[in-house]
Amino acid sequence: MPITTTTGRQAVTTLGRQERDILYAVGCGLRDDEIAAALTLPEEAVAGHLARILAALGLRDRAAAIVHAFDCGLVSPGRGPRRQPPGPLPRAAARNAPGPRLRISVLGPLRAWYDGQPLDLGHLRQQAVLAALALCPGRSVSRQELTDGVWGEEPPNTNVVPVYIYRLRKILHTGGGPDPVIERDRSGYRLLPGAVIVDVAQMEGLVAAAGAAERAGDLAEAVRACSQALEHFRGEPLAGQPGPFAELERLRLTERRIVLVQRKLDWQLRLGQHAEAVAELSALTVAQPLNEPVAAMLMRALYLSGRQADALTVYDRARRRLADELGISPGRLLRQMHRTILRGDDIRPGLTETTR
């Protein structure tokens with residue numbers, strides 16, 4: 001088991017109150033979704049706090065955090081919590097609680113499950129209303145925003161948004177709890193905080209953990225976390241969903257995935273995993289033929305794998321596509337990589353590092 005690099009009670013005092021509470025919960029063996037439910041936090045916020053805890057205490061992973069929670073006296077072996085934690089966290093019921101039972105996925109066709117069972121979300125416009133709520137966490141979405149986002153310049157003749165909200169409440173409120181999953185306030189509608197797990201939030205929590213691992217110098221962990229984040233994508237985000245809101249989010253999330261793939265592959269190249277990156281980069285250049293950073297990364301991976309001629313072929317192909325489709329020449333990044341390969345120079349780490 002990994003060991004902590006910092007021990008003793010004093011180290012924990014460097015954390016804020018909320019991060020101490022999260023470390024305590026981790027030491028008790030709770031998952032991120034259980035911590036989020038107990039502390040009334042978004043699950044991605046828990047993941048972000050945990051990443052900062054690991055970096056602040058010099059811990060490698062979650063297992064090391066659990067060991068540290070015992071080492072510093074937050075949790076007592078064999079006797080459960082050493083102190084009463086904030087709110088309901090240490091109670092047996094909370095410790096055994098499964099967290100939110102409703103899950104919504106937008107990183108592909110819109111889907112929802114309750115206790116693992118798929119839910120019928122109704123027709124597309126009704127689904128688009130739910131997608132808008134799922135992608136606006138932490139704030140209420142007004143009736144007008146929903147109308148504009150789902151119907152655009154062709155709004156319905158009748159005010160159907162409240163009807164859709166009513167139907168979605170019935171569909172999602174399958175657990176028989178006291179509160180509906182969708183609540184209304186003076187500003188509009190929102191998903192009840194802590195009642196739903198949305199895959200975008202889980203993905204972004206892993207991205208935050210990957211960034212923290214990179215800052216801590218652990219590129220292997222950064223690759224692992226980023227790979228887990230990318231596993232949440234199940235195809236085109238919001239595939240088939242109508243309306244300008246879905247279209248904009250589809251473009252944003254698609255671009256988000258591309259950027260994450262580039263980050264992961266850049267870390268792999270910096271780790272010397274050149275051959276492993278070539279296949280994924282080759283597929284990415286097919287999907288993004290005008291993406292110069294991706295072409296430069298593929299050239300670098302091929303060159304470092306001993307395939308200089310193939311790397312130069314990638315440059316020639318990219319140069320022709322840019323000229324034929326955009327009427328421009330390759331940018332500085334591609335030209336620099338081309339010159340480096342022609343000269344047979346060493347490639348410095350991070351030369352093709354993508355924008356964070």
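**Exercise 1.** Work out how far apart the closest N and O atoms of Arg250 and Glu247 are, and where the pair sits.

*Solution.* Start with the distance: Arg250 and Glu247 form a salt bridge (a side-chain nitrogen of Lys or Arg within 4 Å of a carboxyl oxygen of Asp or Glu), with the closest N and O atoms 2.8 Å apart. Next, the location: both belong to helix α12, residues 244–270 (helices are DSSP runs of H or I, at least four residues; strands are runs of E, at least two; numbering goes from the N terminus). Three residues separate them, so that's about one helical turn. Last, accessibility: Arg250 is buried at 10% relative accessible area, while Glu247 is partly exposed at 37% (buried is under 20%, exposed over 50%, partly exposed in between, with a 1.4 Å probe and protein chains only).

A note before moving on: this is a predicted model, where local features need pLDDT of at least 70 and side-chain atom pairs count only at pLDDT 80 or more, while totals for chains, interfaces and linings use all residues. Residues are numbered from 1 along each chain as its sequence is written, and side-chain values use heavy atoms, leaving out hydrogens and water.

**Exercise 2.** Find which helices the salt bridge between Glu19 and Arg52 ties together.

*Solution.* First, check the pair: Glu19 and Arg52 have their closest N and O atoms 3.4 Å apart. Then place them: Glu19 lies in helix α2 (residues 17–27) and Arg52 in helix α4 (residues 43–57), so the bridge connects parts 33 residues apart in sequence. Finally, Glu19 is buried at 15%, whereas Arg52 is partly exposed at 43%.
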